[in-house]
Amino acid sequence: MGAASPCCAALAGWTVAAVLLQVAGLSLFLYGFFPVKPTLPGFSGAESYRAPSCAPVGGGEEPALPPDQLRSLYRELSEVPRVYDRLVLMVIDGLPAEFVLGRGGKPPSKEMMEAMPYTQSLLAGCRAVGYHAKAAPPTVTMPRLKSMVSGAIGGFLDVALNFNTQAFLDDNLLDQLHRIGYKLVMLGDETWIKLFPTLFHRQDGVSSFYVKDTVEVDFNVSRHLDSELAAKDWDALVLHYLGLDHVGHIGGRQSVLMAPKLKEMDDVIRRIHAAVTSLHDNSERTLLVVVSDHGMTEVGNHGGSSYEETDSLALFIGHSVKNSYCSPYDQKETLQVDLTPTLALLFGIPIPKNNIGVLLPELFNSLSDDQKLRTLELNSWQILRLLQEQKPAFCSENCVNLKDDFRVDMLPESIDKKLCHLLSKAFASHRSSLLHQDSDFRSVEATGHSRTALDAYSDFLRYASEWLSHRATDKPLYVLVSAISLMIISCFSLAGIIFCVFEGKSQSQVEHSSECDLNKHWHLDEAFILMGIFLYVASLGSSSFVEEEQYIWHFLTSTLYLIFLIKTVQSMLKDSNSTLVQRAEAEILHRNNSYLTSYKLTPGQLVGRKLYTILIILVAGRILRAWHQGGINWVHFSDISKILTQCDPSIVKSLQIISVLVVMVLYAVSLNLLRTRRMLVIGLWLSHLSCGLLVMLHIWKSQVNTSVLMNHSTTSIAQIFYVIASISITCTVLLSPWIFPIHSKEAEPTSSSGFNPQKAIHLHGINHSVFLTGITYTMFWCLLQLLLQQPINAIPVLLILLQLISSVIHFSLNKSLHRQWVQVVAMQFLGITGHFGLGNTNSLSSIDVAGAFIGISSYSTVLSGILMFIITYGSPLLLYLGMVVYMSVKDSDDICTAWQLKWSSILGKMIALPCLLPLLINSIALTSYTIVLLLMRNHLFVWSVFSPKYLYVCAATVCTYAGVSIIATTAAYTCAVFSFRTRVFSFRTRNYRSM
């Protein structure tokens with residue numbers, strides 16, 4: 001029989017090889033599909049004020065000039081006077097534009113209007129102009145700051161670099177200002193210091209990742225405000241306030257802290273405006289720009305591409321925007337990158353090379369018509385240079401002399417021809433306007449030509465900017481195909497390994513005459529699982545299904561367990577007249593799994609527990625489905641979590657404490673089932689009790705929907721929890737195989753009876769050890785989740801735990817009803833469904849950043865990243881840990897004669913399917929979606945829908961590797977210890993017999 005099934009070493013070797021092949025393919029695909037976006041090197045200079053040429057310009061870079069000379073040269077070449085001398089750039093992190101400007105032409109809510117009275121007075125008095133500045137995804141801070149100062153849209157993987165910012169070396173506004181001698185001061189988010197480590201004359205940075213802090217993080221900025229506004233040694237002041245974003249992460253848009261925080265920001269705007277307008281010698285030469293890097297969802301997160309997340313603010317307060325009439329709440333929309341060329345031309349510096357933004361004409365009201373046309377011409381020349389780099393065959397000189405008789409909507413299909421016609425129309429209109437400006441007829445006709453030229457430039461700039469922003473990156477197709485080929489080979493390899501395992505099991509059953517009807521035919525649950533996997537793979541090609549993936553998993557899981565319920569009822573009806581069969585089942589169950597059934601079950605009790613466990617799973621699944629509406633398109637619908645959020649915070653806190661108490665009770669009951677009073681078990685119970693009390697203390701001290709200064713006591717509580725839990729789990733893993741017997745008591749050696757040491761090997765010892773380790777994993781993990789998850793997720797965590805326990809009990813009671821691979825897949829389905837039940841989606845905005853800093857006293861990218869991963873994949877990892885418990889209660893009939901086998905065979909039979917099936921299902925999902933992503937590489941939603949989902953698929957792959965590694969390592973160590981103890985026992989037995 002040992003030759004019939006693959007040995008453990010061969011199984012492990014082939015599995016590791018398949019996984020490594022998958023990792024290689026995934027790495028290659030990530031390298032090819034997400035390349036670093038190519039940018040033009042160097043900085044714009046005097047050439048920016050000359051028309052671009054199709055021929056390459058020789059001579060190398062222009063000689064460097066002192067700042068004063070460079071400033072004079074730019075002023076002379078630009079032919080446009082500098083509008084402002086000083087800049088105050090105030091960034092309010094996470095502020096949605098609709099909080100200030102309203103939405104759809106309607107003013108903001110009354111609460112928002114009252115929270116920012118001074119800002120609203122500036123808008124109503126036409127002394128400020130505001131825009132809904134659409135931010136490009138991913139809507140996280142670092143890439144958005146890069147876009148604001150460079151005008152370029154960064155690569156999608158900037159979201160990963162957001163937590164480990166590196167110096168920004170591309171052409172940008174701050175470097176251009178520094179080159180002409182501007183002194184820059186920065187206060188606030190330290191991301192600016194990391195991006196520009198050598199530019200600032202003074203700086204005081206604060207960490208942007210302590211999202212629990214909503215007070216100190218802004219006080220550290222405002223405390224310098226009066227002194228800096230009074231100082232005259234700076235030309236550009238950057239202020240980055242983080243508190244409002246942190247309020248959103250903690251309590252969402254409706255947080256009770258939102259209005260006070262807006263009032264605080266409004267007061268800062270008032271103080272700045274009052275200070276810059278009171279300067280007698282510089283009264284109208286300072287521009288105050290209030291911007292936000294991104295918006296936020298209803299629950300306060302961001303990172304995705306929804307309107308709420310991309311709706312950022314751009315508010316300009318200065319003399320050039322003053323007007324006699326204005327409509328402050330008209331829906332003025334622009335792009336966030338338009339900030340770059342606008343500020344560059346307002347301050348008389350070259351537009352950065354990689355800018356794709358278009359200047360905002362309303363900011364140049366103080367200029368004459370020909371000066372406005374000059375600014376548009378400079379913007380067009382810069383965009384034209386970028387176009388020529390992206391399309392080397394495109395030449396502007398070929399377009400200048402064309403006679404354009406086409407309207408914009410009648411342009412030819414060719415991109416080159418469209419750009420050429422728009423450009424020639426803009427240049428021709430500009431020349432005509434200049435001719436009429438020089439003539440004696442400067443009235444109506446001249447104004448009409450200027451308006452035509454302005455419109456023509458705007459048409460060209462918007463079309464070219466849109467094409468550049470949506471232009472798909474050239475991806476090396478052969479690299480992507482090679483990567484997918486490696487993944488396909490890996491997927492088929494895992495499938496082949498599982499096939500060999502099934503073949504070995506079939507041969508084992510034939511040799512031991514243990515065949516049953518279950519193994520002869522396909523059953524409904526097995527066919528449904530295969531159909532469900534196919535349905536899931538097919539759904540990956542639809543952007544709508546990707547956005548609403550939770551519906552698929554809720555359907556698959558609930559339907560599968562409904563099939564289990566039907567099979568259980570049918571089995572009960574079939575065996576209702578066979579009392580002998582039921583008694584035999586109960587006896588076998590008691591003999592093989594005494595720690596789950598401390599007392600012998602009657603046939604009626606056995607039937608009842610089979611039904612109750614399935615019903616618990618179905619009811620818990622329905623509640624999970626209603627807890628979070630989930631997804632992206634229907635997130636605004638009412639659900640249980642939203643209702644509880646609007647209730648008294650004490651209700652949510654009570655639910656948290658109840659969840660902790662239930663977990664503590666369940667662990668105590670589980671330990672009691674082992675019927676042992678060894679010191680390790682007692683110590684585990686005490687440590688789990690201590691950890692539970694610490695979590696409840698943390699809940700009590702933490703405030704729901706509110707936050708004050710960083711609470712060092714709660715940080716210490718969490719750190720103590722981490723220490724106790726880590727020590728407890730480590731001791732359990734290392735010591736549990738040593739405390740349970742390796743042989744049955746009936747086989748004890750005596751002087752009057754012969755003794756076969758091989759028959760002394762008893763599976764109960766292994767099962768008890770694995771059960772203790774698995775239940776410790778599971779219960780401590782639940783406490784960790786209750787500590788880290790949002791308070792509203794306490795009940796969902798408890799429901800997922802109940803589903804896990806019920807599944808393990810049901811499968812242990814119904815050993816002959818479901819094949820083992822069906823049981824493993826069902827538990828994995830539960831884990832994935834629970835992932836969405838906790839409010840996760842395929843949008844980056846659903847990632848919970850707040851919990852990733854619980855227990856961390858100083859910022860660490862690694863530690864916060866690990867905690868963020870633990871929070872996001874808490875449910876799948878919980879089910880993988882629960883799989884360890886499942887291994888201790890699963891059907892072991894095929895290894896009941898384990899004394900005839902090697903320990904490696906026992907290990908292989910324990911972990912083969914619990915490890916291989918999750919790897920195979922994940923491989924199918926990863927390979928399928930990689931193919932979909934390749935096919936959708938030019939799709940409109942490739943960066944907003946498909947790419948974020950791919951990051952989740954990659955993270956789920958890491959989660960699967962981690963879970964499988966824990967399962968395999970736990971089983972391998974347990975079997976190794978029992979193997980060692982068995983050899984020692986055999987040696988002692990031989991010595992005893994020889995005496």
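Modeller: A helix here is a DSSP run of H or I, at least four residues in length, and helices are numbered from the N terminus. The model is predicted. What does the side chain of E549 make a polar contact with? The partner is the side chain of N842, at 2.7 Å. N842 is also among the residues that E549 contacts beyond its neighbours within four places in sequence; the others are Y536, F836 and K949.

Now the nonpolar cores. In soluble globular proteins, nonpolar side chains tend to be buried together. The largest nonpolar core here holds 154 residues. F29, F721, L772 and Y950 have the most contacts inside that core. Helix α35 (residues 903-935) gives the largest share, 18 residues. A separate core of 82 residues includes L145, V238, L339 and L454. Back to F29: with its neighbours within four places in sequence left aside, its contacts are F34, L480, A483, I484, M487, T930, L933, L934 and Y950.

Next, a check on helix geometry. Helix α27 (residues 649-673) has 25 residues, and at 1.5 Å a residue they should span 36 Å. Its end C-alpha atoms are 37 Å apart, so the two values agree. After α27 comes R675, with a positive phi near 55°.

Last, the sheet. Eight strands form it, open and with mixed pairing, in the order β4-β3-β5-β1-β6-β7-β2-β8. Its edge strands, β4 (200-206) and β8 (333-335), each pair on one side only. On average, neighbouring strands of the sheet are turned by 20° against each other, direction ignored. Strands β1 (residues 86-92) and β6 (residues 286-291) pair in the parallel sense, over six bridges. R86 stands opposite T286 in β6. Helix α13 (residues 258-277) lies across β1, β5 (236-241), β6 and β7 (311-317). It runs at about 180° to β1.

How values were computed: Residues numbered from 1 in each chain as written. Predicted model: local features only at pLDDT ≥ 70, side-chain atom pairs only at ≥ 80, totals over all residues. Heavy atoms only, no water. Core = buried A, V, L, I, M, F, W, Y, C linked by side-chain atoms within 4.5 Å. Buried < 20%, exposed > 50% of the residue type's maximum accessible area, 1.4 Å probe, protein only. Helix = DSSP H or I, 4+ residues; strand = E, 2+ residues; numbered from the N terminus. Contact = heavy atoms within 4.5 Å. Polar contact = N/O pair within 3.5 Å; in protein donor to acceptor, adjacent residues only side chain to side chain. Expected span 1.5 Å × (residues − 1). Pairing = 2+ DSSP bridges. Axes fitted to C-alpha atoms, helices over the stretch in contact; angles between N-to-C directions.
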